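Subject: Structure handover

Hi,

Here is the structure for your files. My notes follow below it.

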Amino acid sequence: MACNSEVTTRTAVIAVLLIFVLSLSSLVYIYFNFPQLEENERKYIKLPRDMDDARNLGKVLDRYKDKYFFEVLLAVFVAYIFLQTFAIPGSISLSVLSGFLFPFPLALFLVCFCSATGASLCYMVSYFVGRKVIKKYFPEKAEKYSLMVEKHRDDIFNYMLFLRVTPFLPNWFINIAAPVINVPILPFWFGTFLGVAPPSFLAIQAGGTLHEISSSSSTLSITSVLLLAGFAVLSLVPVLLRQRLKEKFE
C-alpha cells in the first residue's frame with residue numbers, strides 16, 4: 001500500500017470512523033462481557049495510563065485469570081491494539097501487565113503481535129488522514145525520514161527493524177509517517193513485530209519479576225535484584241550500538 005494518489009475526504013472520514021468505531025466497540029464488548037466484578041474492583045478496569053493503573057488492573061485480572069483465561073487474554077489483546085492504533089500512552093504498562101499475567105512466551109508473542117497490528121492500524125489511519133498533518137507539523141522530520149527510507153528502499157525490512165530497535169525516531173511518528181512516504185505495509189508489520197521484541201522482552205521480564213516478588217515475599221530476593229539489574233544493563237544495549245547502527249544506515 002502506498003499514498004501515490006490522494007484519498008477523497010469522504011473516503012478518509014468513513015475509513016477512520018470505521019476503524020475507531022470497531023476498536024471502541026471491541027472495548028465495550030469486552031467490558032460488558034467480562035465476568036462479574038466486585039464493586040471495589042470496577043474502578044480499576046480501565047486503560048492503564050501509568051504503572052499504578054497497570055498494577056491495580058493486574059491485581060484484578062489475576063484473580064480471574066485461572067477461571068476466565070480467554071476473557072482476560074482477549075481484554076489485554078483488544079486494549080493493547082486500541083492504544084497502539086490511536087497512539088495513546090499506556091502500551092508499556094500493558095507490556096509489563098502481560099508479563100505479570102501470562103507465561104513469558106505467550107506474553108512476548110502477544111505484545112509483539114499487538115504492537116505490529118496496532119501500529120499497522122495506526123498506519124491505516126495515517127494513510128487516510130496523515131499526509132497533510134505530517135507535512136504541516138513535521139515537515140523537516142518527514143523530509144529526513146523520507147530520504148532515509150528512499151536510501152534503503154531495497155532493504156526496507158531491515159531498515160524498519162533498525163528503526164524499531166533504536167530510538168532515532170519515536171514509534172508514533174514512524175507509524176503515522178510510514179504510509180505518507182510510501183513504506184509498504186508488509187515490511188512495516190514484520191519489521192515492527194521483530195523490532196519491538198527487545199524492549200518488550202525487558203518489560204515482560206519486569207512484569208514476571210514483579211509477580212514473583214508480590215506472590216512469594218514482601219522483600220526483594222537476591223535473584224530478583226540480579227534480574228532487574230541485568231534487565232537495566234540490557235536496556236542500554238541499543239544506546240551503546242546507536243553510533244555503529246547509525247553509520248550503517250545513514
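Start with Ile88, which sits in the loop between H3 and H4. Helices here are DSSP runs of H or I with at least four residues, strands are E runs of at least two, and both are numbered from the N terminus. Ile88 is partly exposed, at 25% relative accessibility. The cut-offs: buried is under 20% relative accessible area, exposed is over 50%, and partly exposed lies in between (1.4 Å probe, protein chains only). Leaving out residues up to four places away in sequence, Ile88 touches Phe82 and Leu83. A contact means heavy atoms within 4.5 Å.

Ground rules. This is a predicted model, where local features need pLDDT of at least 70, side-chain atom pairs count only at pLDDT 80 or more, and totals for chains, interfaces and linings use all residues. Residues are numbered from 1 along each chain as its sequence is written, and side-chain values use heavy atoms, with hydrogens and water left out.

The overall picture

The chain has 13 helices and zero strands. Of its 250 residues, 44% count as buried. Take the contacts between residues at least 6 apart in sequence: 77% of them join residues at least 24 apart. The chain exposes about 13,800 Å², and carbon and sulfur atoms supply 65% of that. Areas come from the Shrake-Rupley method with a 1.4 Å probe; for residues, only the protein chains shown count as cover.

The cores

The largest nonpolar core has 34 residues. Such a core is a set of buried Ala, Val, Leu, Ile, Met, Phe, Trp, Tyr and Cys residues joined through side-chain atoms within 4.5 Å. Leu61, Val72, Leu101 and Phe102 have the most contacts inside this core. The elements giving it two or more residues are H1 (9-33), H2 (51-65), H3 (69-85), H4 (91-101), H5 (104-137) and H9 (185-195). H3 gives the largest share, ten residues.

What does Leu61 contact, leaving aside neighbours within four places in sequence? Phe34, Val72, Val76, Leu97 and Leu101. Another core, of 32 residues, lies apart from the largest one; Ile19, Ile134, Tyr159 and Phe188 are among its members.

Helix H2

H2 has 15 residues and reaches 20 Å from first C-alpha to last, close to the expected 21 Å. The expected span is 1.5 Å times one less than the number of residues. Its buried residues are Asp53, Ala54, Leu57, Gly58, Val60, Leu61, Tyr64 and Lys65. H3 and H4 are among what covers them.

Aromatics

A search of the whole structure finds 15 aromatic pairs. Rings of Phe, Tyr and Trp (its six-membered ring) pair if their centres lie within 6.5 Å; planes under 30 degrees apart are stacked, over 60 edge-to-face, and the rest tilted. Phe113 and Trp189 are edge-to-face, at 5.8 Å centre to centre and 75° between the planes. That pair links distant parts of the chain: Phe113 is in H5 and Trp189 in H9, 76 residues apart. Phe113 is partly exposed at 27% relative accessible area, whereas Trp189 is buried at 19%.

Tyr127 and Phe128 also pair edge-to-face, at 5.0 Å and 80°. Both are buried. Finally, Phe77, Phe109, Phe113, Trp189, Phe190 and Phe193 form one aromatic cluster.

Best regards
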